[in-house]
Every structure is written in C-alpha cells, then in structure tokens.
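Please consult the sequence and the structure shown here while reading.

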Amino acid sequence: MSTHSSQSPQSPQSPPQSPPPSLTERRKAATQLDIARAAAELFAERGPDGTTAEEIAGRAGVALRTFYRYFRNKQDAVAPLLAGGAAEWRAHLADLDPSAGVPTALEQSVADALTAADDRAAESLEWTRGLLRAAQDDPALRAVWYRVNQESEEQLVPVLARLAGADADELDVRLAAAAATDAIRLALETWAATDAPTEGPGSPAVLAVRCLRELTAGLRLLHARDGAG
C-alpha cells in the first residue's frame with residue numbers, strides 16, 4: 001500500500017516516537033506473518049474447514065507448537081495479515097499534514113491505502129478477498145475480521161485526535177474513527193463479493209471513498225472543521 005510522508009518526524013505536532021522493535025520482536029512478527037500468509041493461501045485453496053493447523057504450520061515451515069505459541073486456532077492465524085493493512089493506513093494518515101483538514105486527510109489516506117500501487121499491494125487485496133469469501137461460511141473467521149476492525153478503530157482514535165486538534169470534541173473524533181473504519185470494512189466486503197478488479201470502477205479504493213462520504217455526511221468534525229489547522 002502506498003504511503004506518502006509530508007511531515008517531518010521531528011515536528012512538534014508528531015506523537016512521541018516509540019522505541020524501535022528489538023530483534024526478537026521483529027523475528028516474532030516475521031514468523032507470525034509467515035504463518036498468516038500460509039493460512040491465507042490454504043484457506044483460499046481449501047477453505048477453513050479443509051485446512052488444519054498442522055498443514056498451516058507445515059507450509060509456513062514452523063513446528064506445530066510454534067503455531068500454537070502465537071495463535072489459539074487456525075482462523076486466528078490470519079489476523080496479522082488483516083491487521084497489517086490497517087496499520088499501514090493509520091501510519092500513512094498519521095504522517096499527513098494536519099493543515100489540510102481531517103476530511104481531506106481521511107479521504108486521501110483511505111484512497112491511498114486501498115489502491116494497488118504495486119504487485120505486493122494487489123496480492124494483499126486478493127488475499128483479503130479470498131479470506132472474506134471464506135468468512136461467509138466460517139463464523140470463527142468472521143469473528144477474527146470483526147475483531148481486527150474493532151481494534152483498528154480504537155487505534156485510529158488518537159491519530160484522528162491529533163489531526164483534529166486539541167479542541168476537538170472527543171465524541172466527534174470517535175464517530176469519525178468509527179465511520180472511517182466501517183467505510184473500509186464495507187468497501188472490502190462489497191468488493192470481495194464481486195469479481196471487480198483491484199483498480200478502477202468497483203475497486204476497493206473507489207468503494208471506500210464512496211462509503212466514507214456517505215457515512216460522514218452528517219459528522220460535524222468532518223465538515224465544520226474542514227481546512228482548519
């Protein structure tokens with residue numbers, strides 16, 4: 001997914017920087033993502049019912065005990081893959097210039113996040129389509145999808161609060177976070193149910209911008225403050 005930073009990391013408006021992850025943390029995250037990709041591939045090929053945790057571990061090249069060290073069940077294994085795109089979106093949004101206004105920043109970040117700018121981004125979207133199709137008949141997989149979206153919404157609140165400014169109403173910020181998260185969720189679910197391409201009419205980016213505009217049409221934060229610093 002495409003990201004474009006327009007604000008210096010040293011800007012006084014930037015949130016405090018977290019310490020970089022340790023080598024152990026990076027290895028753990030890489031292993032989890034390898035397992036997530038293996039699970040997504042197998043779910044696309046065979047569906048969750050036709051896939052076992054042992055098969056996921058085997059394709060990821062890890063021991064079964066390693067699989068269960070990180071995940072409770074086979075459906076839970078895809079969470080890092082689904083959450084990764086949301087994390088990139090929030091990071092991109094956090095890097096945008098607050099002076100553009102919250103509506104502009106949100107719409108730009110949503111469109112960029114769901115635009116298949118390269119082969120990796122297109123592959124990630126196709127994985128998501130396969131997982132959402134599989135989730136239609138798998139309540140446990142749907143639960144993972146909803147959990148990832150809920151967590152993303154919660155993590156989006158402080159990002160939007162910074163963009164909106166110190167005097168923004170807390171409820172307005174939470175409403176905007178809920179609307180933006182649901183816009184992406186609904187767009188991906190709608191797109192996944194079709195054979196539409198990753199770009200152009202019917203694509204995730206086009207659908208998400210439409211959903212965002214419709215869902216935020218009555219939000220005070222995204223209209224009264226448009227263009228405010």
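## Overall architecture

The model is predicted. Its chain holds nine helices and zero strands, so that the order of elements from the N terminus is α-α-α-α-α-α-α-α-α. Of the 229 residues, 45% count as buried. Among contacts between residues at least 6 apart in sequence, 71% join residues at least 24 apart.

## Packing of α6 and α8

The axes of α6 and α8 are 9 Å apart, and the two helices pack at an angle of about 80°. That angle makes α6 roughly perpendicular to α8. By class, the contact between α6 and α8 comprises five nonpolar, one polar and four charged residues.

On the α6 side, the contact is formed by Leu 125, Glu 126, Thr 128, Arg 129, Leu 132 and Arg 133. These residues meet Leu 188, Glu 189, Trp 191 and Ala 192 in α8.

## Ala 180 in α8

Helix α8 also contains Ala 180. Is Ala 180 buried or exposed? Ala 180 counts as buried because its relative accessibility is 0%.

Leaving aside neighbours within four places in sequence, Ala 180 is in contact with Trp 89, Leu 106, Leu 156 and Leu 212. The C-alpha atoms of Ala 180 and Val 110 are separated by 8.1 Å, although the two residues are 70 apart along the chain.

A search of the whole structure finds two cavities of 30 Å³ or more. The largest cavity holds about 260 Å³ of space. Its lining consists of 19 residues, and Leu 82, Gly 85, Ala 86, Ile 184 and Leu 188 lie nearest the centre. At least two lining residues come from each of α4 (79-95), α6 (119-135), α7 (139-164) and α8 (170-192). Helix α4 gives the most to this lining, with five residues. Twelve of the lining residues are nonpolar, six are polar and one is charged.

## Surface pockets

The largest pocket has about 390 Å³ of space. Among its 17 lining residues, Ala 79, Pro 80, Ala 83, Gly 84 and Ala 87 lie nearest the centre. Helices α1 (23-46), α4 and α7 each supply at least two residues of the lining, and α4 gives the most, with seven. By class, the lining has nine nonpolar, four polar and four charged residues.

The volume of the second largest pocket is about 200 Å³. It is lined by 13 residues, of which Arg 37, Leu 81, Glu 88, Arg 120 and Ser 124 lie nearest its centre. Helices α1, α4 and α6 each contribute at least two residues to this lining. The lining divides into six nonpolar, three polar and four charged residues.

Definitions and conventions: Residues are numbered from 1 along each chain as its sequence is written. This is a predicted model: local features need pLDDT of at least 70, side-chain atom pairs count only at pLDDT 80 or more; totals for chains, interfaces and linings use all residues. Side-chain values use heavy atoms; hydrogens and water are left out. On a 1 Å grid over the protein atoms alone, a cavity is a set of points where a 1.4 Å probe fits but cannot get out, and a pocket is an open set with protein on both sides within 12 Å along at least five of seven lines; lining residues have an atom within 4 Å of a point. Grid points are joined across faces, edges and corners, and a volume is the space filled by probe spheres set on the points. Helices (H or I, at least four residues) and strands (E, at least two) are DSSP runs, numbered from the N terminus. Ala, Val, Leu, Ile, Met, Phe, Trp, Tyr, Cys and Pro count as nonpolar, Asp, Glu, Lys and Arg as charged, and the others, Gly among them, as polar. Axes are lines fitted to C-alpha atoms, for helices over the stretch in contact, and angles run from 0 to 180 degrees between N-to-C directions. Angles under 35 degrees count as roughly parallel, over 145 as roughly antiparallel, 65 to 115 as roughly perpendicular and the rest as oblique. Contact means heavy atoms within 4.5 Å. Buried means under 20% relative accessible area, exposed over 50%, partly exposed in between (1.4 Å probe, protein chains only).
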